[in-house]
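Please look at the sequence and the three-dimensional structure shown here.

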Amino acid sequence: MTAKSIAVLVATIVSYVLNREWSFRIRGGRERRHEGALFFLVSGVGLVLSAVPLWISRYVFLLETPDVSLVTQEIADFVSAQIIGTLIAMVFRFWALRKWVFPDEKAQSGSVLLAPAPDPTDEAA
């Protein structure tokens with residue numbers, strides 16, 4: 001448990017730094033502590049979302065031994081946790097990071113860029 005906890009903490013910190021400096025380097029504008037706290041919150045929600053399909057597989061669909069064979073249980077665990085859970089968490093994290101952690105500065109400032117008015121001398125307008 002200790003090793004898993006340390007691994008998750010280190011992975012989340014590295015993920016924050018890489019997202020900040022690579023994926024969303026042109027976005028943001030928040031204070032780093034606020035941004036980091038939001039990142040950890042979004043990562044925690046993503047962690048829970050990634051576990052939900054496995055929970056449903058085991059306790060709603062009862063895909064565990066002795067109700068099903070060990071092979072069926074292992075396949076169901078792999079598909080629900082590693083494929084479905086990872087995809088759900090990945091989509092959620094990307095959306096939440098763009099929306100809340102690293103928002104577009106231009107959209108936040110409230111400034112609206114208007115298109116130039118058509119030239120009245122232009123016949124196509």
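The bend at a residue is the angle between two axes, one fitted to the seven residues ending there and the other to the seven starting there. Helices (H or I, at least four residues) and strands (E, at least two) are runs assigned by DSSP and are numbered from the N terminus. The model is a predicted one, in which local features need pLDDT of at least 70 and side-chain atom pairs count only at pLDDT 80 or more, while totals for chains, interfaces and linings use all residues. Residues are numbered from 1 along each chain as its sequence is written, and side-chain values use heavy atoms, with hydrogens and water left out.

The confidence of the prediction comes first. The quantity pLDDT is the predictor's confidence in each residue, from 0 to 100. For the protein its mean is 84, and 84% of the residues reach 70 or more. Helix α3 has the highest confidence, at a mean of 93, whereas helix α4 (residues 105-108) has the lowest, at 60.

Helix α3 bends by about 30° at Gly85. Which residues of α3 are buried? A residue is called buried at under 20% relative accessible area, exposed at over 50%, and partly exposed in between, with a 1.4 Å probe and protein chains only. The buried residues of α3 are Gln73, Ala76, Asp77, Ser80, Ala81, Gly85, Ala89, Phe92, Ala96, Leu97 and Val101. Their cover includes α1 and α2.

Ser50 is placed in helix α2. Contact means heavy atoms within 4.5 Å. When neighbours within four places in sequence are left aside, Ser50 is in contact with Ala81, Gly85 and Ala89. The side chain of Ser50 also reaches the backbone oxygen of Leu47, at 2.7 Å.

The charged side chains come next. A salt bridge is a side-chain nitrogen of Lys or Arg within 4 Å of a carboxyl oxygen of Asp or Glu. The structure holds six salt bridges. One of them joins the side chains of Glu35 and Arg20, at 2.9 Å from N to O. Glu35 lies in helix α2 and Arg20 in helix α1, so this pair ties together parts that are 15 residues apart in sequence. Both Glu35 and Arg20 are buried.

Glu35 also meets Arg32 in a salt bridge of 3.9 Å, N to O. Arg32 and Glu35 both lie in helix α2, three residues apart, which is about one turn of the helix. An α-helix has 3.6 residues a turn, so residues three or four places apart point the same way. Arg32 is partly exposed, with a relative accessible area of 49%, whereas Glu35, at 1%, counts as buried. Salt bridges that share partners join Arg20, Glu21, Arg32 and Glu35 into one network.

A further salt bridge links the side chains of Arg33 and Glu31, at 3.2 Å from N to O. Here Arg33 is exposed, with a relative accessible area of 70%, and Glu31 is partly exposed, at 49%.

Lys and Arg count as positive and Asp and Glu as negative, while His and the chain ends are not counted. Arg27 is buried yet has no salt bridge, and the nearest side chain of opposite charge, Asp104, is 4.7 Å away. A polar atom of the Arg27 side chain does lie 2.9 Å from the backbone oxygen of Phe102.

The loop between α2 and α3 remains. Most residues other than glycine have a negative phi, and most peptide bonds are trans. Leu62, which lies in this loop, has a positive phi of about 55° although it is not a glycine. Leu62 counts as partly exposed, at 41% relative accessibility. Pro66 is found in the loop as well, and a cis peptide bond, with omega about 10°, joins Thr65 and Pro66.

Ser69 is also found in the loop between α2 (32-60) and α3 (70-101), and it is partly exposed, with a relative accessible area of 40%. A polar contact is a pair of N or O atoms within 3.5 Å; within protein, one must be able to donate a hydrogen and the other to accept it, and residues adjacent in sequence count only if both atoms are side-chain atoms. Such a contact, of 2.9 Å, joins the side chains of Ser69 and Thr72.
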